[in-house]
Amino acid sequence: MNRLIGMVVLIGAVVAGLVGLSAAFYLAAGGLAWVFAEYLGAPPSFGAAIANVVTLMLVVMMISGSLLTVAERKWSAMMQNRIGANRIKVLGSALGGIPFLAADALKMLTKESAPPRGRTRVLYEMAPALAFAPVFALFAIIPLGPPIPLGAIVDSAAGALGSAGVALQVASPDAGLLYIFAISSLAVYGTSLAGWASNNKLALLGGVRASSQMISYEVSLGLSLVGTMLAYRTLRLEEMVTAQGLAVLGPVPALGILLQPVGFLIFFASAFAETKRAPFDLPEGESEIVGYFVEYSGMKFGLMFLAEFVEIVVLSAIITAVFLGGWHPIVVSTEWLRQTVTPLWFGAICGGAFLAKMIVLMWLQLTIRWLLPRFRFDQIQKLCWKILLPAAIANIFITAGALLLDPSMQLLAWIGVATIVIIGAITAAVGRAPAPGEHDHAAAHAVAGH
Amino acid sequence: MQITAELVCFWIFAIPLVVTALGVVVARSPVYAAMNLVAAFFFMAGLYVLLAAHLIAFMQILVYAGAVMVLFLFVIMLLSLDEEHPQRERRRAMQYVGVLGAVSLLAVLASAIARVPDAAMSTLAQPDRFGTVKAVGQVLYTEFLLPFEVTSLLLLVAIVGAVVVAKERI
């Protein structure tokens, strides 16, 4: 009982902290927007964008990315019944392993760089940056919080300036989701060049595996979101989030996961493959080829390592925005909240909801990574081309058909509910029994002398 | 000429674009040439963004830099073409033809640019929805439906052809 109370208090404290954090982000964005508008005559979105780059991309993304490195150690230890990183003590307390953040950074930065002989010099140096930069840039279009009037943040902003909206979003290009696909498709260069430029056969093997895997999964990644684009009739993430607040099927909001359960599963699997983590970790399989970064040491390795964790953060953010209702705090009605609290607190609570959903998704990804064993390479390609891709294409056709028959999304929502029920039933039925065919496969292997 | 933010951004994208495009031609190693081409596509996309054609810009990166060039790079890396340098002497005749072609292309472009009146450069009257996904999609699926479908047929033929060519080895 004590433990339960403790957990509830902890979760409450975390949520309160997230709300406070997003309130601080709004204050920073609004403050800088006002300063730029007042003294430089720039439009308010200009200053807000600069503040958001610092707060969202440097603070939220980088800090949660590096905290994940510690979280992964602690969480994997918990799952394997170990204690986990606790050797560094600050004033006699391990602080949940958080000091390892500083220790890791210090170790990476001070380690000797040992470049291999025969490397392709420029590409070898460039590869870690090429792996990190696209992943980093992805966060720019994530709408972390709703637009609230500038006048609600800065008292002295009045008139047209006061009613200009400030949102926790760095940029909002018209082609929203295409930006995500375009930039994430560039990430493959970092890994494949790292493998090729290292002049190492194992690294090359890792690079080739990484690029073939990433190219394949990019296709299903792109197609899995077409259904949501059709349903919400937009490519902009913030408009998708707004559309998810509208009610469908009575009081239930039109969440992406309700309308597009298949799209969600395909996107999650494909994006997971793009992060190159277990069960999709063939490019870096530690027990066989070490990976495309085998010849990298020090901070160059650190950058590739960090890119992986930042990708988890970005992936969680995209799923939150597209499928889980973004900044809508699902537990209370958004409209009710907008009318009861001041605009600043409304924004802060919504931003806190977004961050909380992101944390849950990151936790889910860590759990999956430590639960499942590695796929074989042919299984990876089969999963992509024979299961995910046809499913994604079928999903597009069914979604488009349902929207053509009933543009109000009711039919689509019912199809979604039915799909969720069917998927749940199949999962429960298959559960622990061996999948059909698995038996034959093992027998075939035994005959072949494996 | 007044220096605007747009002009600064233009030069930020244009100069590296020219440098990397030259790099594609000059680089000895095919991998460097391919990477220069990727960078050139990227800077070109920047120019498209300045022209308010966001969709084209992202498509440029997605299709050319993200998909086509990755496959190019894949092939170059696995075949490790760097070791064999093409012999220079045999290509003399081709070089002269190439120079001639480049000069005439330059002349055509220069004359076309010279004919554009100055006023057209400064007044960029755009409709509100210019370059958005909706606008491009509407034009593509109404006015240019036939070319669009024919293109997709062409791609299908290419895919089938690739399978036929590769099938003997599978």
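Because the model is predicted, local features need pLDDT of at least 70 and side-chain atom pairs count only at pLDDT 80 or more, whereas totals for chains, interfaces and linings use all residues.

**Exercise 1. Find out how confident the predictor is in chain A.**

Step 1: Recall that pLDDT is the predictor's confidence in each residue, from 0 to 100.
Step 2: Chain A averages a pLDDT of 85, and 95% of its residues score at least 70.
Step 3: Now look at residues 446–450 of chain A, where pLDDT stays under 50. Where pLDDT is low, the predicted coordinates should not be read in detail.

**Exercise 2. Decide whether the radius of gyration of chain A agrees with that of a compact globule.**

Step 1: The radius is taken over C-alpha atoms, and the globule rule is 2.2 Å times the number of residues to the power 0.38.
Step 2: For 450 residues the rule gives a value near 22 Å; chain A has 23 Å, so the two agree.
Step 3: As for burial, 48% of the 450 residues of chain A are buried (20 or more other C-beta atoms within 10 Å of the residue's own, with C-beta atoms placed from the backbone).

**Exercise 3. Describe the side of chain B that touches chain A.**

Step 1: Two residues are in contact if their C-beta atoms, placed from the backbone, lie within 7 Å. By that rule, 16 residues of chain B meet 17 residues of chain A.
Step 2: Two helices of chain B, α2 (30–50) and α3 (54–79), each give two or more residues to this side (helices are DSSP runs of H or I, at least four residues, numbered from the N terminus).
Step 3: The largest share, 12 residues, comes from α3(B).
Step 4: By class, this side of chain B has 13 nonpolar, 3 polar and no charged residues. Here Ala, Val, Leu, Ile, Met, Phe, Trp, Tyr, Cys and Pro count as nonpolar, Asp, Glu, Lys and Arg as charged, and the others, Gly among them, as polar.

**Exercise 4. Work out whether α7(B) is buried or lies in the open.**

Step 1: Helix α7 of chain B covers residues 145–167 and has 23 residues.
Step 2: The number of buried residues in α7(B) is 0, so this helix lies largely in the open.

Note on methods:
Residues numbered from 1 in each chain as written. Chains lettered and ligands numbered in written order. Buried ≥ 20, exposed ≤ 12 C-beta atoms within 10 Å, placed from the backbone. Expected span 1.5 Å × (residues − 1).
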